[in-house]
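This report describes one protein model and the ligand placed with it. Please consult the sequence and the coordinates alongside the text.

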Amino acid sequence: MIRDRAKTGIEGLDEMLEGGLLTGRPYVVSGTSGTGKSTMALHFLVEGAVNGERVLYVAIDEPPNEVLLNFRKMGWELDGIGVLDGTPDVLNYDKTPVRDVSSERKIVPLSSVGESIRRTSEKGPTDVTVNTLQELIKQEFKERKYTRIVIDSLTSLKHFYIRTSEEFATLQSFFRTLSDLGATSMLTVQIPDIARPGIESQLARGEIRLHKWFDGRGLMRGVTIEKYRGSSHDSVMRHLKITQHGIVVPKSNRDKRKKSPAPNKEPEEKPPAAEKEEPLPPPPENGMKDVPPPGASKHMAPSSGSGGPGGPPI
Ligand SMILES: Nc1ncnc2c1ncn2[C@@H]1O[C@H](COP(=O)(O)OP(=O)(O)OP(=O)(O)O)[C@@H](O)[C@H]1O
Ligand SMILES: [Mg+2]
């Protein structure tokens, strides 16, 4: 049976996505720095791997040894995740002509990556293009059929490998390649200005936006679905937590009500306090006040950047 939804493995998020991501399509996970994009992307791969899928992580921001160190602490099963080191210093370190680079890159299990600090090239990434990576991914798919792929991050890929004048065409080709390969892909995108989404948001079939801001209680995190072609979705922001076991997004009260026992039955136990859904103020977008006023709407702020009450983006 062909499953048309790929679960992210994050219960509340899958609920927001009406069961998960429509398979075989590219999606963007966007947010400012440190909002949890890489963690969410890895969580998505781990979910696939534990269910026997072939999954591939393309590391562009951080070398695989650092990724391994970061995520081993989560207690995840990382054996089933293939990793391709696409960090620019590696692609440039040995003076290999561009056309040959792809044949020399090797995909290895993430869990087998050495922990030592890797050398860093002093050379700039001038002779490598996104096409190199695109061709390499295509080659790999001929040998192994991956069902999930993560590019972390598309922002760095653009920065290092794409000339501004060719940005739209190159990204369009990259997104098309990912679609043609049939894998469900997640591309992380760092957005410095939440009010101005880039071309990648336009090209992706859907966008999950991660938020963080300070309120009176400290650092708050939230998640919204900005767009989802071909599916209905929840348009209300939910709390998001990064924990030792990955990302947690609470399920909705609506769902809990459905599962509550019949009126003539005593509930077996009280729900844990941690699962109680708190009212969520809108995310800060454009440097508003630090603390939202009491009774602030829990609905997401429009992505136009009109903003809502809350702290400045961090
Ligand atoms: N075990 C943990 N428990 C709680 N929070 C954690 C844990 N591990 C990481 N974090 C939080 O997650 C943040 C980093 O998440 P992540 O690397 O996924 O963000 P990112 O959006 O990919 O960032 P960048 O844009 O810099 O790549 C850390 O800054 C920290 O706040
Ligand atoms: Mg990251």
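## Overall organisation

The model is predicted. The protein contains 10 helices and 13 strands, and 42% of its 314 residues count as buried. Among contacts between residues at least 6 apart in sequence, 74% join residues at least 24 apart.

## Confidence

The pLDDT averages 76 over the protein, and 68% of the residues score at least 70. Strand E2 (residues 21-22) has the highest confidence, at 98, whereas helix H5 (residues 98-104) has the lowest, at a mean of 35. Over residues 91-104 the pLDDT is below 50, and this stretch has 22 contacts in the model beyond near neighbours in sequence. Residues 286-313 also have a pLDDT below 50, with 70 contacts in the model beyond near neighbours in sequence. Where pLDDT is low, the predicted coordinates should not be read in detail.

## The nine-stranded sheet

Nine strands form an open sheet with mixed pairing, in the order E6-E5-E4-E7-E8-E3-E9-E10-E11. Its edges are strand E6 (108-109) and strand E11 (238-239); each has a single partner strand, so one side of each is left without a neighbour in the sheet. Strands of a sheet pair through backbone hydrogen bonds, either parallel or antiparallel.

Within this sheet, strand E8 (residues 184-190) runs parallel to strand E7 (residues 148-152), and four bridges join the two. One residue pair in this pairing is Arg-148 with Thr-184 of E8. Strand E3 (residues 26-31) is also parallel to E8, and six bridges join these two strands. Here Gly-31 has Gln-190 of E8 as its bridge partner. E8 is mostly covered, with six of its seven residues buried.

## Helix H7 against the sheet

Helix H7 lies across E7 and E8 and runs at about 70 degrees to E8. The helix spans residues 154-161 and is mostly covered, since seven of its eight residues are buried. These buried residues are Leu-154, Thr-155, Ser-156, Leu-157, Lys-158, Phe-160 and Tyr-161. An α-helix has 3.6 residues a turn, so residues three or four places apart point the same way.

## The shell around ligand 1

There are 14 residues around ligand 1, of which Ser-33, Lys-37, Ser-38, Thr-39 and Ile-242 come nearest. By class, this shell comprises 10 polar, three charged and one nonpolar residue.

Helix H2 (37-50) and strand E12 (241-243) each supply at least two residues of the shell. H2 gives the most, with three residues.

## Val-248 in strand E13

Val-248 belongs to strand E13 (residues 246-248). Is this residue, Val-248, buried or partly exposed? Val-248 has 18 other C-beta atoms within 10 Å. A residue counts as buried at 20 or more such atoms and as exposed at 12 or fewer, so Val-248, with 18, is partly exposed.

Leaving aside residues up to four places away in sequence, Val-248 touches Lys-241 and Thr-243. The C-alpha atoms of Val-248 and Gly-9 are separated by 9.5 Å, although these residues are 239 residues apart along the chain.

Terms used:
Residues numbered from 1 in each chain as written. Chains lettered and ligands numbered in written order. Predicted model: local features only at pLDDT ≥ 70, side-chain atom pairs only at ≥ 80, totals over all residues. Pairing = 2+ DSSP bridges. Contact = placed C-beta atoms within 7 Å. Axes fitted to C-alpha atoms, helices over the stretch in contact; angles between N-to-C directions. pLDDT = per-residue confidence, 0-100. Near = placed C-beta within 6 Å. Nonpolar A, V, L, I, M, F, W, Y, C, P; charged D, E, K, R; others polar.
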